[in-house]
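Biologist: Hello! Could you put the model on the screen so that we can go through it together?

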Amino acid sequence: MADALTITGLRKAFAAVAVDDLNLTVRRGELYALLGPNGAGKTTTLRMVAGLLPPDAGAIDILGVDARADSIAAKRRVAYLPDEPLLYDKLTPLEYLDFIAGLWGIDPATAAVTAESLLRTLDLWNQRDARCETFSRGMKQKAALAGALVHDPALLILDEPLTGLDAGAARTVKDLLVARVAAGGTVILTTHILEVAERLADRIGIIRAGRLVAAGTLAELRAAQGAAGASLEDMFIALAGSRDSAQPAA
Amino acid sequence: MTPGGFAWLVWHELRLALRGTGRRGWLARTAPLLLLVAVPVVGGIGLGIALGVPEHGGHRGLGSGVPLGLIGAGVVGGFVLMMSTAAIGVLRTFHDRGDLDLLLAAPIPAARVLAAKTIGVAASVAAPFAVVIAPFALTRAVMGQPGWIGVVAMVGVDAALATAVAVVAVGGVVVMLGPRPARVVVQLGAAIVGGAVFLATQAPSIAPALARRAFAAAARPWPTPLDWPARAAVGELLPLAAMIGVAVAATTLAARRGARAFVASGDAGHGGAKAQTTTVRFHAGLTRAIVVKELRLIARDPELITQIALRLVYLIPAAALLVRGRHEGAGSAGPAVAAAITAFATLLASSFAWIVVAAEDAPDLLAAAPRTVAAIARAKLIAATSIPLVLVAVAAVALGPTSPAAAAATLGVGAVAAVTAALLQAWFGKPASRSAFRRRAQASFVIGVGELILAAAWAATANLLAQGSGWAVAPALLAAMIVAGAAEARKTAA
């Protein structure tokens, strides 16, 4: 059975090289944390996987589908949630989910049931008829997450999903991600909160200057570093660069 | 200027109002502004000098030869027009900018902050009128008619009074309805006032008999003290001093009392609309999803609707002239109506296409969807043209019984015009936020001009076709050449 994501020799350059000969594999049914300092190429990589950015070179295979050859089939299996929620301020959460269901071609009856379930899980059901423009940052993030999940993607890609969430909302989101993985889904997330990666991720990849410098379980990373008992933060600083680069993004 | 002082705060407000033009860079922001200011300044001074030195002094300034009643009507008209811009200015300054919390948290008196904001709005309201009027009026004053200074002073008085009324009225609406409904009320009110004033200025073309009667009524002398604004405008000292006194008192009162409503409402840009319970039924289909989403977003953006409506209001005088011309020529008005509807549909489709394509709020969401770019573009084109096509169809049905040829021309040419205008915007519209709608023509001068030529060409085609003239081919060819040229340019750019 194909892996959830296989990236081979991926390259993307803007004014400077953002992603440089990146090779990465994410297995089915795991929660993979992609870590790296600001500007390491995490978001560029995820945007290429989501089909938002054409790579200069390399291959992206999503659940056995060549994403560059058949981007539509690949997109059908993926949901991408950037750190800035992809929302329409003047739509209500229900209307937003109806729109997403239309985009992904989901059966209306199924979409309606899933939408209600998601909004209840994310504590947004009581606000289902309020426009998103009235929401706090955290509520918008949760509404966008519901949008990412309404078409039941096999691969969920989240860029800084916990930004702006209060402790309760962050817990809800984390539980939801763990539940998805337990149900066989695959989740890739980036985060600057290393404790989250340490506690949630099955495997961790550390990217620096567009290249993967380390990947594996926490134990594997420790073994590779020869640093038994080291925290993820210690290893991150050692692998990814200076102490400054380990600071959470603003 | 002392930081935190009154003048400093006023300058801060004016600077923010200026930067609200949205252009980046000093030169890009300032050059058009300087040009806009330079033309009326040079023109006004030139005209003032060209009229020469008055033979008998003419101390009454504007009052020389113009009935006081008409001057009074002008002052009141100016006030009403300023009210519409002042209401929008108050909403933007006190609410939208969202800096009231920041300023009130600073260790400076709240009264000073509110007064500076009020003066800032008044100055921005007066500025465009002053730029047009002051160069000429002051030149005439220097040339021996000091009464003209009254006109300049009354621009300031009108702006101050309009702002004071706007602060109290908008503040009251915010307290009563909440910030978001207040925005709708203010925007619709401002659009109605602006449109009404524009139509009033065009009354001699649209309804000549009514305009003549209104003109005669306004020219009659007004009873004292209702004639004081007019007397102030012609430079009579006592009425002028009284009007300035009233303006200062009203502004002070508005800043002290009215502006506090925005503070008391506890809202500095974070509105909380009451949610209405609605039923959302989930449906299948990409086109339906996109069309429904786009129409919902447009319907929920009153600012956008009013801006689109105002664009169409500006077409009414031209349409009225066309229709009247046909009536007076004893012919059917059908061809003229066909032309007007076609022009309407073209500009409306172009506006909607810009909104749904260039001003897409979440382009990445659509790009991430498992749909082809072409399928999404088609759905967006349908969304952009749906309302203009309904308008065209309704007009054709209405024209049908009296003028079948005009109905057919409206339906055929109007539909093609709407689609081609939408295509032009979809091909070349640059990504922008919806708030940039008013400035979209500046973003692409070529598209702006192309859109107008296209509207004129299709309107002429509809008109000539409705008359059964073979010359309809000529403007149709011009329109087709514009679209073909745009398609070729798009291919080259790709």
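Biologist: Which residues in H14(B) do the residues in H7(B) meet?

Modeller: Some background comes before that: this is a predicted model, where local features need pLDDT of at least 70, side-chain atom pairs count only at pLDDT 80 or more, and totals for chains, interfaces and linings use all residues. Residues are numbered from 1 along each chain as its sequence is written, while chains are lettered from A and ligands numbered from 1 in the order in which they are written. Contact asks for C-beta atoms, placed from the backbone, within 7 Å, and helices (H or I, at least four residues) and strands (E, at least two) are DSSP runs numbered from the N terminus. From H7(B), Arg183(B), Val184(B), Gln187(B), Leu188(B), Ala191(B), Gly194(B), Gly195(B), Phe198(B) and Leu199(B) meet Pro302(B), Glu303(B), Thr306(B), Ala309(B), Leu310(B) and Val313(B).

Biologist: How are H7(B) and H14(B) oriented to each other?

Modeller: Helix H7 (residues 179-201) and helix H14 (residues 302-313) of chain B have axes 9 Å apart and an angle of about 10°. Axes are lines fitted to C-alpha atoms, for helices over the stretch in contact, and angles run from 0 to 180 degrees between N-to-C directions. Angles under 35 degrees count as roughly parallel, over 145 as roughly antiparallel, 65 to 115 as roughly perpendicular and the rest as oblique. H7(B) and H14(B) are therefore roughly parallel.

Biologist: What share of chain B is buried?

Modeller: Chain B has 22 helices and 0 strands. A residue is buried if 20 or more other C-beta atoms, placed from the backbone, lie within 10 Å of its own. Of its 494 residues, the buried share is 40%.

Biologist: Which helix gives the largest share of the side of chain B that touches chain A?

Modeller: The contact takes 30 residues from chain B and 30 residues from chain A. On the chain B side, helix H13 (286-299) and helix H17 (363-368) are the elements that give two or more residues. The largest share, 6 residues, comes from H13(B).

Biologist: Over in chain A, what is the bridge partner of Leu34(A) in S9(A)?

Modeller: The open sheet there has 6 strands in the order S6-S7-S8-S3-S9-S10, with mixed pairing; strands pair if DSSP finds at least two bridges between them. Strand S3 (residues 31-35) and strand S9 (residues 203-208) of chain A pair in the parallel sense over 4 bridges. In S9(A), the partner of Leu34(A) is Gly205(A).

Conventions:
Two residues are in contact if their C-beta atoms, placed from the backbone, lie within 7 Å. A residue is buried if 20 or more other C-beta atoms lie within 10 Å of its own, exposed if 12 or fewer, and partly exposed in between; C-beta atoms are placed from the backbone.
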